[in-house]
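I opened my notebook to get to know a new structure. Here is what I looked up, in order.

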Amino acid sequence: MKTKRLWGSLLSLVLCGSLLAGCGTESSSSSAQEGSGSQKVDKVVFAMPSFNRIPDDISKVTAAINAITVPKIGVEVDFRLYGPADYAQKVNLALQSGEQMDVFTTLGQFTNYASKNQLYPLEELLPQYGKELTQILEKDFGPNLLEATTMDGHIYGVPVNKGMSLPTNIVYNADMLKESGLTADQMTSLDDLPAVFEAVKQKHPDVIPFGPVNVNPSDTNLVLALKGMHKIDFLSDTTGIGVVVGNDGKVQNFYDTDAFKQGTKMMRNWFEKGFLEKDAATTSISFSDTIASGRGFSFLGGYSGMEAAKALSAQTGKNLEMKRLVPYYFDTGAVNLVSWMVSSTTKVPEGSVKFLNMLYTDQQLINTILYGIEGEDYVKVDEHHVKFPDGMDASTVPYTAMLSTGIVGSESLQYQLEGVNWSDVELKLKENKETERSPYFGFIFDPSEVKTQMSAVTNVVNQFLPALVTGVLDPDATIPQFVKALNDAGASDIIASKQKQLDEWIAQQKK
């Protein structure tokens, strides 16, 4: 369940995320001599996952990458490409075995890598080799983004540079809404939805008005909505054990807050009125499949920009639209969920940071990694857009990692597929700067002192949470049992550890 929630978060972040890792030439050393002169060329292993089909041979794309990086920065890239299911295992195996692994991404595990001393501190290298990188982060997101990847005074990663503000939207079948005699203007908050669901249910008795998110069959995105509504900072972990509501600095159990109690009572009300399926907490059927079959009306989704419904319409074959209901709230975990890092074992730290710098700032490199070879894997349509060559698609071109757009490079420099409105990219970057940030943005919790308790409470959360966020269980009866089980598992130890670290962090900010 925890893995499902993590991938749900990533897929919300990228819509259909993916990362890149390559495969390249064998290497017995981390640097080589190349060219007619005596320029030293560092060999950097760059590992990235992809949700697209992974070709048997990516040597042509690797060669195209090196045609860019070797002349510009003296770095030869050993490009490794793995599927998302294999990525973390492949990276961890390399890190543990001593095999060369230089540049890789977190996949939501930033704190774990940092606590194991597996990351190279970047604060001394970035001013010399990453100037353009830090400039584009400030331009596209705003100042102090690297605070989200800073621990004990060391910068250990670079967050992905894309639309990271994920407001809660109601995604709905626009044809059903119209047939029910309603318009989107009648949906301005979560409180408006029951009347809409009732109208849809009367017009379409066999339709399920509301369901879980399209990537996790037992998650309604209630927690995402509550975080935005009540300005809740999860203090850089996803368990919910130890959050701050607003700005009072008091760490408390999210599941014992009034916000959680009221939210689950709302879901219980929806469930009892028949707006959700009876087996919503346990079903393995994605609600997007239910929508595609014509039996589902809507779900809550966290999406940046306003174009996500187009991709969801293509996925389901239905006319879907979306309406924003709840603003987003930036805490640290929202930003360092996907970050790029350099291994602490690297023998080429300067070369690795030079490559990272290009990964965020060089348009030709970014789009070669994402789309492959122009003319073979993609065709330029205009300045910002590309399409697949005639008669080909993502499954038949020799190479594409197009679903990695949300995880690799800077979105402002990426090509978009034909049909995507470029103004939506500009909107995402604008909202990066305008979305409210928690006063504790930059705080990262180190769980090393309470690892056993973290594991135990995670099991309890996985046991209780799905039935509460889908309304299947009565919160008045269930939440006291839930909180007791969390306390028995060591929740108070985690809260005390977080409070101590947060107090120290706050004091440090005032110096």
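I started in strand 3, where Leu81 is the bridge partner of Met48. Strand 2 (residues 40-49) and strand 3 run parallel and are joined by 8 bridges. Two strands pair if DSSP finds at least two bridges between them; strands (E, at least two residues) and helices (H or I, at least four) are DSSP runs, numbered from the N terminus.

A note on the source: this is a predicted model, with local features needing pLDDT of at least 70 and side-chain atom pairs counting only at pLDDT 80 or more, while totals for chains, interfaces and linings use all residues. Residues are numbered from 1 along each chain as its sequence is written, and side-chain values use heavy atoms, without hydrogens and water.

Then I turned to an open sheet of 3 strands, which has the order 10-11-12 and antiparallel pairing. Strand 10 (232-233) and strand 12 (252-253) stand at the edges with a single partner strand each, so one side of each has no neighbour in the sheet. Strand 11 (residues 241-245) pairs with strand 12 over 2 bridges, and I noted Gln252 in strand 12 as the bridge partner of Val243.
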